[in-house]
Amino acid sequence: MLFNDNHIEPLKDESVLDALIRHQHDVSYSCKIGHCQTCLLKCREGTISQQAQVGLKATDVNQGFFLSCQQPADSIKNAEHIDTKSLFVSAKVIGKKLCSKDVCRLRLELPTQMYYHAGQFINLKNKHGVSRSYSLASVPQLDRYLELHIRLMENGEMSYWIFDTLEVGEYIEIQGPIGSCFYTEINKQFNIVLIGTGTGAAPLYGIARDALNAAHEGKIIFYHGVKHNSDLYLDSELNNLQLINKNFSYEPCTTQEINPKGLSGRCNDIALENITNVNSTILYICGNPEMVADTKKRAYLKGISLDKIFTDPFDRKELRSKKRE
Amino acid sequence: MSDALFDKLGGEAAVNAAVDIFYRKVLSDSSISHFFDDTDMEAQIGKQKSFLTMAFGGPNNYSGKDMRAAHAPLVEKGLNESHFNAVATHLSDTLKELNVPQNLIDEVMAIAGSTHDDVLGL
């Protein structure tokens, strides 16, 4: 395989991305499961497999873009970097606020309107070329800014940079929107159950407000799962939503200490147990990837059909340096 | 004869009715669920749909060679006769649950059974 005119010798069953990493090429990537679109490359010659274009825009497909983490290297003869100027736009930081000890709320302004659904995600790229995905907590019909909830990760290159270095008034590069975890008005009478751990609450907060704004008729129940009471960083916002919307309820769930106003235990266990009518329930699950996969499977086994389950797993690059099984 | 079976069972609608029942049975069976436990559940459902369509005598592109290649990694992980039989039982239970007449169930089981050697790499 040729990459930017350099010769690459892929191993058996290796993805294009893994081959490039092994040859120490400077390539961006984040989730490595074909989700985040950070590892997009352009194919000059070769056969792109179907799974390497899942979720791409038609315009990207037409240009021969593919997800290098999902593409077997042996069927690509020649590939190159994409001119990232065509993928990224510059956004101005207009707000940065610490919401808890390790979560900060970032608000961004774009020169032109971006068309997106609350709950989709964007990729941020900083000056050092580090790229990470963050879900949108804002709602295009309600907010003039993009809102992201950034959790400070241990050794997190991007999150530390945002917490320590990035200032209001500065600019950051963004790509997107991406993803299919968002509200649609197809089943307005259905109950919506939102299950989020940590900053998995961010896309759910957007989805909940989007659904309320669309006058959703069924109940909307928001389960936010965290370890300690002080991690419930959206407490006042979600309590407010509950106050002003009859069909919205907020269920904070803590695992490490008792919350006098909430529930004790894992939010996904509690939520699944409380689902009564599987035929009229829509589920959104966001946050820790193991929790998301486990909850999705259990919900399916409980009788909820897969097309009523939407997920946004927060995969972490720190755990992705090894090849995925 | 196969087309006739597919039509008698109710065609694609029958596959759609059966796939969730079948996949839930398989996923709930701890003796075989690890072979089907995929983080991409949508892709797994797609595979089960293709399988059921074939077993129902419907239009499919399965060749014995594909069957063999697709199951080879599972055989390496220890897929054997007992797992094959467990899946077959879930298939037959699914059809019973959907009130499919026994003579049609027998036809489906015969088609499913014909994949035995390819699935187990024999």
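**Exercise 1.** Leaving aside its neighbours within four places in sequence, which residues is Cys286(A) in contact with?

*Solution.* The model is predicted: local features need pLDDT of at least 70, side-chain atom pairs count only at pLDDT 80 or more, and totals for chains, interfaces and linings use all residues. Residues are numbered from 1 along each chain as its sequence is written, chains are lettered from A and ligands numbered from 1 in the order in which they are written, and side-chain values use heavy atoms, with hydrogens and water left out.

Step 1. Contact means heavy atoms within 4.5 Å.
Step 2. On that basis, the partners of Cys286(A) are Cys181(A), Ile195(A), Gly196(A), Thr197(A), Gly200(A), Pro203(A), Leu204(A), Met291(A), Val292(A) and Asp312(A).

**Exercise 2.** State whether Cys286(A) is buried or exposed.

*Solution.*
Step 1. Buried means under 20% relative accessible area, exposed over 50%, and partly exposed in between (1.4 Å probe, protein chains only).
Step 2. Cys286(A) counts as buried because its relative accessibility is 0%.

**Exercise 3.** Identify the residues with the most contacts inside the largest nonpolar core.

*Solution.*
Step 1. A nonpolar core is a set of buried Ala, Val, Leu, Ile, Met, Phe, Trp, Tyr and Cys residues joined through side-chain atoms within 4.5 Å.
Step 2. The largest such core has 56 residues, and those with the most contacts inside it are Leu283(A), Leu52(B), Phe56(B) and Leu91(B).
Step 3. A second, separate core has 30 residues, among them Cys181(A) and Leu238(A).

**Exercise 4.** Find how far the C-alpha atom of Cys286(A) lies from that of Gly119(A).

*Solution.* The two residues are 167 residues apart along the chain, and their C-alpha atoms are separated by 9.5 Å.
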